[in-house]
Amino acid sequence: MSETEPTKVAIACQGGGSHTAFTAGVLKALLREWNDEYELVGISGTSGGAFNALAVWYGLVTDGEERAIELLDALWEDLAADSVTDWMTNNWVVGLSRIGSTGVPVPQVSPYFGPGSKLGKDRIRGALERHIDFDVLPDLCDRDVPELVVGTVDINAGVFETFTNEDVTVDAVLASAAVPTLFEAVEIHGHFHWDGLFSQNPPIDDLMTVDAARKPDELWVIQINPQEREGEPTSLEEIADRRNELSGNISLNQELRVIERVNEWVDAGHLPESDFKRTEIHRIAMGRAYHCSTKVDRSPSFIRELIELGEQRAAEFRTRR
C-alpha cells in the first residue's frame with residue numbers, strides 16, 4: 001500500500017440491546033474525525049448494532065458524515081422511552097429482568113400471547129422507516145459504497161443468516177433485534193428469524209470475503225460485552241451477568257480467531273498475496289460493567305450516559321493510534 005492510499009477500514013458493531021447506544025457514541029466520535037487517511041469499506045451489526053450500522057451507512061452514502069451523525073442521534077431519540085406511559089413500561093420491563101436474574105420466579109408470557117410484542121415491533125419499524133428510505137437501498141448499492149451487513153439466525157434451518165447491501169430490508173433489521181422472549185419471530189422468504197445475538201455477533205466473515213481490492217486493512221470491533229472480568233461470579237445475578245456476556249462474545253471470538261490464523265499464514269508465506277492480506281484487529285470496548293437487565297433500559301438518561309461513554313472510548317482509541 002502506497003503512502004497516499006487510505007487505510008481500508010471495516011467496522012463491526014456488536015449487539016446488546018440498549019447498550020448499543022454506546023456504539024452510537026463511538027461512531028459519532030469517529031465520524032467527526034474521519035478524514036482521507038481512512039476509507040470505510042464495510043460496516044456490520046447485529047440487533048441494536050444493526051440499527052447503528054444501518055444509520056451510519058445510509059447517512060454516509062446519501063449525504064456524508066454529518067448526516068450519519070444526525071441519523072444516529074435521531075434514531076436513538078426515537079427509541080428512548082420519552083413519554084410517561086413508555087417510561088412506566090420501560091421501568092416495569094427492566095425491573096422484571098432484574099428480578100428474574102436473581103432466581104425469583106416472575107410471571108412470563110409468550111410474546112405471541114400479548115400486545116407488547118406487536119407494539120414494540122411497530123415502534124422500532126416506525127423509527128427505522130422514519131429515517132431510512134428502504135426503497136432506495138438497491139439503487140444506493142449500485143454505487144461504489146461500503147458493504148452493509150446485518151446478522152440474524154434462521155430458526156427453521158438452524159443456521160446463521162446475514163443480509164447484505166440491497167437485501168437489508170426493514171424486516172431484516174427487525175429480525176436481527178427480535179429477542180425471542182420479547183418479540184415474535186420475523187418471517188423472511190418463508191423462514192422465521194430471531195435476534196442475531198444467537199448467530200454472528202457481530203457479522204465479520206461477510207466483511208472479509210469480498211474482492212481483494214475491497215478487503216479491509218483494519219477491522220474495528222465495537223464491543224459491548226466485556227471480554228474479561230475479575231473474580232468469580234457467585235450470586236445468581238453475577239452468574240447471569242457473566243453468562244450473558246460470554247454467550248454474546250462466543251461467535252465474535254471465533255470469527256476473530258479465523259482472521260488471526262489467516263494473518264499468521266500470510267506472515268509465514270503460506271497464502272498468495274494476490275488473494276490474502278493481513279487485517280489488523282482493533283477493539284473499542286465499553287470497558288464498564290452494567291447489570292444485564294439494563295440491556296432493555298431505554299430511559300433517556302441511560303441512553304445519554306452510554307452515548308457519552310462511547311464518545312469517550314472513541315477519543316481514547318484515536319489517542320492510542
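**Charged pairs, one by one**

With a relative accessible area of 29%, Arg67 counts as partly exposed, a class that lies between buried (under 20%) and exposed (over 50%), as found with a 1.4 Å probe on the protein chains only. The model is a predicted one, in which local features need pLDDT of at least 70 and side-chain atom pairs count only at pLDDT 80 or more, while totals for chains, interfaces and linings use all residues. Residues are numbered from 1 along each chain as its sequence is written, and side-chain values use heavy atoms, with hydrogens and water left out.

The partner of Arg67 is Glu70, and the closest N and O atoms of this salt bridge are 3.5 Å apart; the term stands for a side-chain nitrogen of Lys or Arg within 4 Å of a carboxyl oxygen of Asp or Glu. Glu70 is also partly exposed, at 45% relative accessible area. Because Glu70 and Arg67 are three residues apart in helix 3 (residues 65–79), about one helical turn separates them. Helices here are DSSP runs of H or I with at least four residues, strands are runs of E with at least two, and both are numbered from the N terminus.

In the structure as a whole there are 21 salt bridges. One of them joins the side chains of Glu311 and Lys28, with 3.5 Å from N to O. Glu311 belongs to helix 10 and Lys28 to helix 1 (residues 21–32), so this pair ties together parts that are 283 residues apart in sequence. The two partners can be described separately: Lys28 is buried, with a relative accessible area of 7%, whereas Glu311 is partly exposed at 23%. Lys28 and Glu311 also belong to a network of salt bridges that links them with Arg32 and Asp73.

Helix 10 takes part in another pair as well, since Glu305 lies in that helix. The side chain of Glu305 meets that of Arg288 in a salt bridge of 3.7 Å, N to O. Arg288 is in the loop between strand 8 and helix 10, so the parts tied together by this pair are 17 residues apart in sequence. Glu305, at 33% relative accessibility, is partly exposed, and so is Arg288, at 35%.

The loop between strand 8 (280–285) and helix 10 (300–320) is also the place of Asp297. Asp297 is buried yet forms no salt bridge, and the nearest side chain of opposite charge, that of Arg298, is 7.4 Å away. What the side chain of Asp297 does have is a polar contact of 3.0 Å with the side chain of Asn90. Such a contact is a pair of N or O atoms within 3.5 Å; within protein, one atom must be able to donate a hydrogen and the other to accept it, and residues adjacent in sequence count only if both atoms are side-chain atoms.

Taken together, the pairs described here include one within helix 3, one between helix 10 and helix 1, and one between helix 10 and the loop that comes between strand 8 and helix 10, while Asp297 is buried without a salt bridge.

Notes: Lys, Arg positive; Asp, Glu negative; His and termini not counted.
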